[in-house]
Amino acid sequence: MSADGSAEIRQLALNLGRVAGAALQDVDAVLKKGAQNIKNEMRRDVSGSRHFFGMTGSISYDAEPLPGRPRYVIGPDKSLRGGALGNIYYFGTSRGGGSGDIDKPLRTEEPRTMDALGKLAGKWAGQL
Amino acid sequence: MTGDALAAGFEALITGVTVYKDRVPDSPSFPYVFVTTNFPTVSHRSAARTVHARALRSRTQVVGLTAASVRIIAQKLADALEGKRPAVAGWVLGSIESVGNDQPLLPDNDVTINGQNPLYQPFDWILTGSPTT
């Protein structure tokens with residue numbers, strides 16, 4: 001230990017830099033896994049629909065990161081077969097409908113992803 | 001304190017516009033709002049697993065023959081619901097909040113009225129409350 005603590009501060013700054021560099025990749029891996037799980041549940045849900053099962057294969061996810069911020073967009077892809085039915089399945093028409101619950105897979109996944117992010121934070125804290 | 005009373009209290013706030021519930025008639029009066037409301041599901045439990053809160057979710061389809069009429073009715077709907085706190089016996093309720101769904105105003109290509117497709121936009125709402133007993 002240095003007398004004024006400056007060496008420890010420099011080491012902490014160095015470790016913070018290392019953790020911050022890896023953090024983005026770690027968070028991205030967690031979110032990607034979550035996106036995969038949400039996609040799978042959305043597919044399972046719609047595959048049981050008598051009228052909309054044909055859009056099952058159109059549900060996918062894409063990485064759409066912003067600077068310093070991992071991001072995934074999940075849902076029916078209108079360019080794929082059946083994808084154009086997504087609006088009607090989830091949001092209905094002027095006469096109602098919208099039997100699909102677009103929030104349910106998110107509600108299922110949220111605690112798992114939050115738990116994984118919490119474990120990541122614990123890991124980072126141990127590296128400082 | 002029933003879930004039905006809670007749904008009725010929510011729906012009663014929507015006034016000054018044509019409202020349809022359960023189903024839209026074959027020849028509806030335009031513009032209109034089609035309301036569907038769920039049975040309030042458990043949203044929060046205590047550590048002992050007792051139900052602390054339930055969430056009532058509602059979807060309102062605002063339908064009109066022009067985009068302007070949809071926007072006008074949507075404004076009335078938002079004024080009637082956003083931030084409002086209905087009084088329902090047996091419930092301690094929070095305020096109604098809109099839930100973003102990113103849905104645009106779209107034509108309903110499966111319905112034709114006098115040679116034109118009506119336009120619609122869905123709006124989602126949530127109301128959280130706790131039964132008093």
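**Figure 1. The largest nonpolar core of the predicted model.** This core has 20 residues, a nonpolar core being a set of buried Ala, Val, Leu, Ile, Met, Phe, Trp, Tyr and Cys residues joined through side-chain atoms within 4.5 Å. Buried means under 20% relative accessible area, exposed over 50% and partly exposed in between (1.4 Å probe, protein chains only). The residues with the most contacts inside the core are B:L6, B:F10, B:V33, B:L77, B:L81 and B:L127. At least two core residues come from each of α1 (3–11), β2 (32–37), β4 (51–64), α2 (67–81), β5 (91–93) and β8 (119–131) of chain B; α2(B) gives the most, with 4 residues. Helices (H or I, at least four residues) and strands (E, at least two) are DSSP runs, numbered from the N terminus. Another core, of 9 residues, lies apart from this one and includes A:M42, A:M55, A:I59 and A:Y89.

The model is predicted: local features need pLDDT of at least 70, side-chain atom pairs count only at pLDDT 80 or more, and totals for chains, interfaces and linings use all residues. Residues are numbered from 1 along each chain as its sequence is written, chains are lettered from A and ligands numbered from 1 in the order in which they are written, and side-chain values use heavy atoms, with hydrogens and water left out.

**Figure 2. Helix α1 of chain B and its cover.** In α1(B), the buried residues are B:G3, B:L6, B:A7, B:G9, B:F10 and B:E11. Their cover includes β1 (19–21), β2, β4, α2, β5 and β8 of chain B. B:F10 is also in contact (heavy atoms within 4.5 Å) with B:L81, which touches B:L13, B:I14, B:I96 and B:W125 as well, not counting residues up to four places away in sequence. Chain B as a whole follows the pattern α-β-β-β-β-α-β-β-β-β, and 40% of its 133 residues count as buried.

**Figure 3. The salt bridge between B:R59 and B:D124.** The two side chains meet at 2.7 Å, N to O; a salt bridge is a side-chain nitrogen of Lys or Arg within 4 Å of a carboxyl oxygen of Asp or Glu. B:R59 lies in strand β4 and B:D124 in strand β8 of chain B, so the pair ties together parts 65 residues apart in sequence. Both residues are buried.

**Figure 4. Salt bridges of chain A.** In the pair of A:E64 and A:R71, the closest N and O atoms are 3.4 Å apart. A:E64 counts as partly exposed because its relative accessibility is 34%, and A:R71 likewise at 33%. A:D101 and A:R107 pair with their closest N and O atoms 3.0 Å apart. A:E41, A:D45 and A:K104 are linked in a network of salt bridges.

**Figure 5. The interface of chain A and chain B.** The contact takes 10 residues from chain A and 19 residues from chain B. About 1,200 Å² is buried, of which carbon and sulfur atoms give 43%; buried area is the accessible area (1.4 Å probe) that two parts lose on being put together, summed over both. A:F91, A:S94 and A:R95 supply 60% of the area that chain A buries against chain B. Helix α2 (residues 86–91) of chain A gives the largest share of the chain A side, 3 residues. The count of salt bridges between the chains is 0.
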